[in-house]
Amino acid sequence: MPTKQPPLLHVYARNVEHCAFKRGWSHAYLATRLGVTAHTLNRIRYGRGRYLDPEVLAAMFELFECEPNDLLLPQPGIDYTLPD
């Protein structure tokens with residue numbers, strides 16, 4: 001049976017969390033750098049958003065110095081398993 005692909009917002013959330021963790025950035029620091037509220041960042045980091053805000057996404061690419069694929073596609077070494 002093929003493995004279930006995680007939804008885009010889940011992948012995005014895990015990649016954002018991973019990028020922030022690698023840099024040692026706190027939730028508050030990342031929210032401040034992105035210019036969003038802690039509530040907005042919380043929705044992003046836990047995959048509870050309903051859509052990808054293009055302005056926030058562009059800010060993340062610049063802040064993390066990465067390409068779109070780095071945040072939007074599954075990356076090696078990150079666990080994306082979904083709970084059953």
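This is a predicted model: local features need pLDDT of at least 70, side-chain atom pairs count only at pLDDT 80 or more; totals for chains, interfaces and linings use all residues.

Visitor: Which residues of helix 1 and helix 4 meet?

Guide: Helix 1 contributes Tyr 12, Val 16, Cys 19, Ala 20 and Arg 23, and these meet Val 56, Leu 57, Met 60 and Phe 64 of helix 4.

Visitor: Which residues touch the most other members of the largest nonpolar core?

Guide: That core has 18 residues, and Tyr 12, Val 16, Leu 30, Met 60, Phe 64 and Leu 71 touch the most other members. At least two residues come from each of helix 1, helix 2 (27–34), helix 3 (38–45) and helix 4. Helix 4 gives the most, with six residues.

Visitor: What is Tyr 12 in contact with, leaving aside neighbours within four places in sequence?

Guide: With those neighbours set aside, Tyr 12 is in contact with Ile 44, Leu 52, Val 56, Leu 57, Met 60, Leu 71 and Leu 72.

Visitor: Is Asn 15 buried or exposed, and why?

Guide: One compares the relative accessibility with a cut-off: buried means under 20%. Asn 15 counts as buried because its relative accessibility is 1%. This residue lies in helix 1. Not counting residues up to four places away in sequence, Asn 15 touches Asp 70, Leu 71, Leu 72, Leu 73, Gln 75, Ile 78 and Tyr 80.

Terms used:
Residues are numbered from 1 along each chain as its sequence is written. Side-chain values use heavy atoms; hydrogens and water are left out. Contact means heavy atoms within 4.5 Å. Helices (H or I, at least four residues) and strands (E, at least two) are DSSP runs, numbered from the N terminus. A nonpolar core is a set of buried Ala, Val, Leu, Ile, Met, Phe, Trp, Tyr and Cys residues joined through side-chain atoms within 4.5 Å. Buried means under 20% relative accessible area, exposed over 50%, partly exposed in between (1.4 Å probe, protein chains only).
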